[in-house]
Amino acid sequence: MRIGELVFRFRWQIAALWLVAMAALLLLVPPADPTAGLTRDLLPADSPFYQALNEYAERFRDKSGMSEIVIIFERPDAALTPRDLADAEQVGQQLMKPMPGESLDSRRDIKIHTPKSLAVMKSKNPLMSKDRQAAMVCLFLPFKDTSADAARMVDRVHAIIDDHPFAAGLQTAITGSAGFCRDYLVAHERSHDRTLTVTVIAIILVLLMVYRAPLAAAVPLAAVGILTAITTRLTIVGQSFGFSTGTAERLFMLLLLFGAGVDYSLLFIGRYREFLRKVQSSKQAFIFALDTSCGAIAASAVTTAAGLAALCLARFGVFRDVGPAIVLALLTAGFASITLVPAMVAIVGPALFWPRPESRAHQSTDVPREEKLWTWLANHVTRRPGLILLLTLALLAGPVLRGVTLSWSYDAHSSLPTRYSASRGMDLVRRHWSAGEISQTRVLIATPSPHSMWDWISISTKIVANLRGLPGICDVRGLSAPLGLRESGLANIAAGALGGKQIAAEFASPDSRAIWFSATLDSAPQSPAALTALARLRKTIEQTLADAAFPAQIHLTGATAETADLRDVTQSDFRRVSIMSLTVMLVIVAALLRDVPLSVFMVVATVVGYLATLGVTAWVFQLLGGTGLDWEVEVFLFIVMVAVGQDYNLFFAVRLAQESQSLDVAAATSRALVHTGSVISSCGIIMAATLASMVVGEIKMLQQLGFALGLGMLIDTFVIRPLLLPAFIVLTRRTISKAARFLHPTVEWPAPLERPCPTADIGHNHTGRS
């Protein structure tokens, strides 16, 4: 029994099984915890940043440098009053008190710096602005900024600030790495809900426009709704087995689920409508439709899932965690599209297309308008394939070149809207201090054996001297310069003499094997200028140690150091994952189509569309605001375009394989383009609308990614697949006649109604095959 007959016969049972599975998971598995993904490490444990944190904690018995919360107090038009400063101190004291139910030890590893605690620095106090209009209170936490503990601490700071009776006119903001992560999570959650709402509305509108039938729109949406409930609960179950899924992964998984689920459904429903017009029996039409579309759907889902499973091997946490989520989304969408969706269609029957009847009896002899359009395009592509190929490549050349030469922004701080406290805090810091003051770089110099205090002072003096005046560095505090570069050398010497033991205890480790100092950068912590300054800082210290014949290891912490590691890890991951996923997809596509040149061209064409999308997106956002593209756009755009691009290529290639059984290359290509044109274009528009819904998100990265994904789907749907691919096939005479048999089963049905064949002018010979 073939799959079409099997699903039709057991349609009620199949639908019931899906509903029972959904009900069981909804009842037995609790909803997702929004903070569940916060406990994971985004960077690998062996990254230099985490090694530096661990080294500092071990040498100084201090774990407080993992993240920070910074509270800004500002009077916009006047100096802070004594009461304002007293309020800042009171807030600091409240923060160091344990919360109800906590022990006194809960604050042991937390450090706090207030303006009063650094009063020894007088007019150069780094926590007071030069104009005396702003002050900082810095809380240094033993938690990673992405942890749930850090988020809870930020919430407590917000509660204390909200409840404190500040004097009129005093403004406050809460920022720092932990404050930023908390606000970023909130913005992601809001963007998640808003994006899914827009996605559903967009899909409904496009489906209604395509089919003009409410049931034809309702069936794919109902199926995707069931899939959403099942997959989200399955990801929660997966957390028990070590799989972590945060807000970003859930959003991305659901968008792919909506897009791929509806796309696969449309491929089957489009075939069902086509067969309804050719045969008398709706049952026979159903069986033929599922038999001829099942192979394409299964091949597409398995191919893209296998290729993108390479993400599971990434070292960066988000990439590694999104891999299983994507594989789950694609495989469940593919499986539902050959079981659940057909079962629902079999139950509804031809009424699916009400109020527009689709049957052989109601079939008009007039060629539909959309078929005329695709016939016109097919004729031009198949008659002048060389010219079409050259013109299309010439059109894409400029954007592709721009896409290849892009540099990426890692400045997540600038991605938040200004209505969030963390973003306002960054603006206040830039207004009254150097942008790097909010997250200083901590430099740890460690040796395997202990050294005398004079040796450490000597090497510290040399390092500070070489860092003075270094571009991008505005201040340094350390053993030989406890007051920083802002104070004179004599002032630092005097401070060292007066507070020798206290300063030594702060900057030198108890075992005399390490010292640390802080470097304040001119630029925002995650900006390209800060990353360049950090590299310059490390190189200068390395050279100083080499010149002094002082063997030691250099460890860097702080937001800039973490961003540098993030950049190195993600770029390495992207290179590895992109090569592996493209290779896996190429091997699978070649095995399915048994045509290596065509398979290579399909993969290369997808990459060309990806690069062209990056180039156009970069131009658009430079014109809109002069901002660079976020690094996540590079990765997630690649994932989607490779996945969807291969889907659409395979949809077209499978139809070409079916038509090639009885037609020559040009005729088969033209016929495949005509018959898949409206279906794949509808899929592409739905996918574009689905993914572009991210532009309504609150985070700039989501807005850029939404625009790029929507544009990429349109380029792939209306440029790569209907122009480049058919032109190459006709030009190189690819017939795909040896493709895997399950992709093009032989189907015989009664002769169709008599009407002019839309592609008769190029030698089509209709033989009754699918």
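Glu-698 is buried in this predicted model, with a relative accessibility of 7%. Glu-698 sits in the loop that links helix H22 (665-692) to helix H23 (700-732), and its side chain makes polar contacts with the side chains of Arg-419 and Tyr-420. The protein as a whole has 770 residues, of which 60% are buried. Its secondary structure amounts to 23 helices and 8 strands.

**Glu-698 and its surroundings**

- The polar contact between the side chains of Glu-698 and Arg-419 has a distance of 3.0 Å.
- For the side chains of Glu-698 and Tyr-420, the corresponding distance is 2.2 Å.
- Leaving aside residues up to four places away in sequence, Glu-698 touches Ala-187, Arg-190, Ser-191, Arg-194, Ser-415, Pro-417, Arg-419, Tyr-420 and Gln-703.
- Glu-698 counts as buried because its relative accessibility of 7% falls under the 20% limit.

**Arg-156 in helix H5**

- Arg-156 belongs to helix H5, which spans residues 148-163.
- With a relative accessible area of 15%, Arg-156 is buried; this value, too, is under 20%.
- A polar atom of the Arg-156 side chain lies 2.9 Å from the backbone oxygen of Lys-97.
- Lys-97 is also among the residues that Arg-156 touches, together with Gln-94, Leu-95, Pro-98, Met-99 and Arg-107, when residues up to four places away in sequence are not counted.

**Packing of H4 on H5**

- Helix H4 (residues 82-95) and H5 have axes that come within 11 Å and cross at roughly 140 degrees.
- H4 is therefore oblique to H5, since an angle has to be over 145 degrees to count as roughly antiparallel.
- The crossing of H4 past H5 is right-handed.
- On the H4 side the contact is made by Val-91, Gln-94 and Leu-95, and on the H5 side by Met-153, Arg-156, Val-157, Ile-160 and Ile-161.
- Sorted by class, this contact has 6 nonpolar, 1 polar and 1 charged residues.

**Packing of H7 on H11**

- The axes of helix H7 (residues 214-239) and helix H11 (residues 340-348) come within 10 Å, and they cross at roughly 145 degrees.
- H7 and H11 cross in a right-handed sense.
- From H7, the residues in contact are Leu-215, Val-219, Ala-222, Ala-223 and Ile-226. From H11, they are Leu-340, Val-341, Met-344, Val-345 and Val-348.
- The contact of H7 with H11 has 10 nonpolar residues, with no polar and no charged ones.

- Lys-372 is located in helix H12, residues 369-383.
- Lys-372 is exposed, at 53% relative accessibility, because the cut-off for exposed is over 50%.
- Between Lys-372 and Val-674 there are 302 residues of sequence separation, yet their C-alpha atoms are 8.5 Å apart in space.
- Across the protein, considering contacts between residues at least 6 apart in sequence, 82% join residues at least 24 apart.

Technical notes:
Residues are numbered from 1 along each chain as its sequence is written. This is a predicted model: local features need pLDDT of at least 70, side-chain atom pairs count only at pLDDT 80 or more; totals for chains, interfaces and linings use all residues. Side-chain values use heavy atoms; hydrogens and water are left out. Helices (H or I, at least four residues) and strands (E, at least two) are DSSP runs, numbered from the N terminus. Buried means under 20% relative accessible area, exposed over 50%, partly exposed in between (1.4 Å probe, protein chains only). A polar contact is a pair of N or O atoms within 3.5 Å; within protein, one must be able to donate a hydrogen and the other to accept it, and residues adjacent in sequence count only if both atoms are side-chain atoms. Contact means heavy atoms within 4.5 Å. Axes are lines fitted to C-alpha atoms, for helices over the stretch in contact, and angles run from 0 to 180 degrees between N-to-C directions. Angles under 35 degrees count as roughly parallel, over 145 as roughly antiparallel, 65 to 115 as roughly perpendicular and the rest as oblique. A crossing is left-handed if the near helix is turned anticlockwise from the far one by less than a right angle, and right-handed if clockwise. Ala, Val, Leu, Ile, Met, Phe, Trp, Tyr, Cys and Pro count as nonpolar, Asp, Glu, Lys and Arg as charged, and the others, Gly among them, as polar.
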